[in-house]
Structures are given as structure tokens and as C-alpha cells.
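Please open the model in a viewer and keep the selection panel at hand.

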Amino acid sequence: MAAENNYTPMVQQYLAVKKQHKNELLFFRLGDFYEMFFEDALTASRELNITLTKRAGSGDNIPMCGVPYHSVEGYIAKLVQKGYRIAICEQMEDPRFAKGIVERKVIKIITPGTALNEQLLQDKHNRYLVLLLEDEDELCMAVADVSTGECQWFLATGHDKLADVFEQLYRLQPAELVVTSSLTEAEQLAEWLRAKLPECTLTKYAETDAEVNYFAQHFPTACAAPLVQHTVELLLRYLHGTVMADLSHINQLNEIVRDSFMQLDATAIRNLELVRSMADGSKRGTLLAVLDFTKTSMGARRLRSWIESPLLDIARIHERQEAIAELTASAALRDAVAEQLKAVADLERIVSRVEVGNANARDLVALRSSLSVLPALKDVLQGCQSKALQRLNSEIREHQELAVRLQQAIVDEPPFSVREGGMIRQGYNAELDELQLIAADNKTWMQNFELKIKEETGIKTMKVGFNKVFGYYIEVSKGQAGSVPDYFVRKQTLVNAERFIVPELKDYENKILGAKEKIQSLEYYLFDELRTLIRSQITEIHAS
């Protein structure tokens, strides 16, 4: 490799960022592509089966490959499934207005345990990240699912502590296990993972000091033993260092209490085929397949958790049985509940995407639809007698103000992209409506202008048109080009025609193109305003 100062400024910028992310594949945004260079390009080209090219620079041919930004999620999913970590380096300013090289910085790191990519998340499965920390004869495990906001801890002691952790790991089936250098039985753990959880990525994490006390920030009222608090703190540091978002949806910390449910080891879970078939690892033929008639993804994940962790607490068992008995006894009640739940989307993952800035307008429509059925669901549960159903009814908050706001703001079928407009409903914002009127009047204005200019010049065959490259123009055939007035300014020469611009058309071009750009900018601002509003209510939505 040539000396860094011999490379172009852009390549030097890439190398400077890469120095900070040696353990990640660096997706470096250049216009409409994410590019990779040097060793990262060789790796990505091989793993994704995409073309490897070369970028000339300082006598070296730099290995290079890239993927379109609008379809990057699929490529990232493939790499993450293979255990790679991805650093997303984004353009932080519009290249059109940049003075010198465009400012870029890493905005998130995607790992197997922190991925929020919809192509990686399974609706009926959690995607857990686990961090292990050891202190003498204690081994603490902190668990989080960034996609749902769940956070738990488990403390194992004594000489069987590693075996106890193995049981929990097999039950949770994490996507990523993070360990620190202080773990004394790291080799035994790695060997067990290869044999029992080969799809789980093992990550080594160097503990560093942090200015923020994340434990207190996320769980201000929680009390825990020093090792538990330290382990959860490290987990939260890891999450903040990768996801790079506020993560306020992670706001409840629960202990995995062994005495509250039956301890099923890896052998029992596997041989009983509770949730995975021994034949092919699928759900088919398992106890879960027999029982799972859930109407929501959240319910499916909860049912799977119940099957893997049968209750031992008699009071809780009776409470659950009472609720099931009431639903079993009344087909009308059961059908009414099921009918309402059909319209409930995966709220846990929607609010998580809102929190980390990945949500789009379609997510807000799904959130709106889900919130809209809550009053009817409460009405159905109002007359229930069992304690569990009564408690559920009392915990449901209707969020009607938010549902109404989203109904007023977002169109019924918004586009996927949040940057190109078309997602805000007419009547929600007066300024946006005015800009939309200007843009909508474009065709009529062009027709009227064409008639006017034909009358002024007497050239009846001229046309007024537009293309993305040259903008607006007046097109006149070669034979009549000499008859145009002096104020016509030549813009483009074609084989059989000449194209011109006049001051009035140029002024309109500035106006209409400015309006379209303002529409996109204003729509995104209004959308981001809605996301901020939802973020402020995430705790209450989770509680529902």
C-alpha cells in the first residue's frame, strides 16, 4: 500500500475512518453508492458475489466494490448473517454545497446482535444480544433485544455457574454473545457455542470508561447487586457504541428467576422438540406449532417464551388458567379479542425503529392502525372476570391523541422512502399545501405558456417541455429557428431542432424546482416531528 498522503483526499478520508473501525467492514457513502476499498472490498466482493473493480490512485490499483444505497439492506443482511460487523459511514452534508471534500462520519455499527434490518428479524423470534461478565465465583449475564426493548439479567454462582449459563443461552438462542477479556473459561464457552449455537457470533469487547452512567439513565429506579449493575452497564455501553441512538425504549430491567419456571436444559428443549424440530430445525411438528394460533408477532414471541420456560409458581399458574378458562368458555369473547388483535402490528419493533431513527411512514401508519383498535379492545375486555384479563385491560392506554395526529398527518399508502415526499396528508400543514398547489399547477401553466409564446412569435409548431438534465425549454424546428425573437437564448442544439430559454420560463423553472425541493424538505421535517412526538411517548406505548 502506498503512503497515505499519496492518495487522493477522499481515499485519505476513507483510511482515517477505517483506522477507527478495524473490526468492521466499512460501508463508505459516495453519492448513490456505499463503496468499500482495499481488504474490505476483497471480503465483500467474495461474500456477496459482486464485481470487484479497481480505483486508480498513486500508481496503485485500489481494490474497490460497491452497492446501491437504496438496496443496501439486503447486502447488509447477508453479511450480518455470516457474522460480519458493518460500519455505516454516511455523508453529513449535501455534496452540491460542500466546500472541499464532503464531511462523512460513522452513524451506526451493525452487528449480529444489534441489527434492526427487517430481513434479519423474524416476526415470531426475539433477536437477543448477551454480554457475560465474571467476578470470582459469580458469572453474570445481561440480555437485550434492541428490536423490542427487552432487557434482562441472570446471575449464576458456584462451580456449576457455566453450566447454568449454558442452559440460559440455549433457551435464548442469542444472535451475538459478547465477552470481556476477564472471562476465564472463554475457550470452553467458544467450544460450546460451536457445538450448540453455531449461528451465534462471539464478540470480544474491551471494557472502556464512559462519561455517561447508562444504567442510571435507562433504569433510574432499579436496584441491583454491583456485578449485575456493572454487567448491564457494559451491555448498554456496547449498544450505545453500535446503534448510536438514544435507546430510551430500553427502560425496564427484569431478572431471569430460575425458581419461577421449570429449568429445561439444552438436551430437554431439543429432544422434546418444544420449539424446533430435530429433523430440520423448523417449527413444524413442535409443541409450538400445535399451540401457536397467535394473532400478533408480539404474542407469538411471548408464547414461545412461555413454552421454553414453564411456570412453577402456583399462584401465577392459576391466574393464567383462569384467564384461559374464561376465554375458552366464551367463543364470543374469544372471537372478539382475536378480531381486534388482527389489526395490531408489531408495536415493540415499530417503536424501536422510531427510537433509533429507522422508521418510515409505513411504520407510522401501522402504529396508527394499532393504536386505533385499543379503545375497542378495552371495551371487549371490560366485562372480563379473571384477574389476568382485568389487569391487561387496566394496563392498556388508548393513546387517542397520538392516533388522531397520525391520521391527520400521514396518507393511507405512503411511499417507502421518507426523503422524496408524498407521505404527508393534504390539510395537515398550510405551507406544504401551498407548495403542493404550485407543483400541481405545473402542467396547466406549461400549456398556457406554450399557447402564449406561440401567439407572440407566430411559430405554431414550437413546444414547451422539460427533462431532468436540461430543465425547461422551448423547442423550435431547425427551419424556424431563425425566426425566434432576440430575447430567446439558445440552450441546446439537436439534430432537427433548437432549444431555447426565455426569462419568464427561467423564473418559473426556479420557482417550480424550488417548490419541489421545499416539499421534500418540509415533508421530512414534519415526519421527523412526528417521530419525535412518538419518542416522547415510547415508555407509555410499551406499557400498553
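Begin by selecting α4 and α5: Leu162, Phe166, Leu169 and Tyr170 in α4 meet Gln188, Leu189, Trp192 and Lys196 in α5, where contact means heavy atoms within 4.5 Å. Helices (H or I, at least four residues) and strands (E, at least two) are DSSP runs, numbered from the N terminus. The axes of α4 (residues 161-172) and α5 (residues 186-196) come within 12 Å and cross at roughly 35 degrees; axes are lines fitted to C-alpha atoms, for helices over the stretch in contact, with angles from 0 to 180 degrees between N-to-C directions.

This is a predicted model, in which local features need pLDDT of at least 70 and side-chain atom pairs count only at pLDDT 80 or more, while totals for chains, interfaces and linings use all residues. Residues are numbered from 1 along each chain as its sequence is written, and side-chain values use heavy atoms, leaving out hydrogens and water.

Next, select the open sheet, whose 6 strands follow the order β11-β10-β7-β8-β9-β12 with mixed pairing; two strands pair if DSSP finds at least two bridges between them. Within it, β7 (residues 129-135) and β10 (residues 176-180) pair in the parallel sense over 4 bridges. Show leucine 132, which stands opposite valine 179 in β10.

Now display helices and sheet together. α4 lies across β7, β8 (138-145), β9 (150-157) and β10, at about 10 degrees to β8. α5 lies across β7, β10 and β11, at about 170 degrees to β10.

Finally, select histidine 249, in the loop between α7 (226-243) and β12 (254-255).
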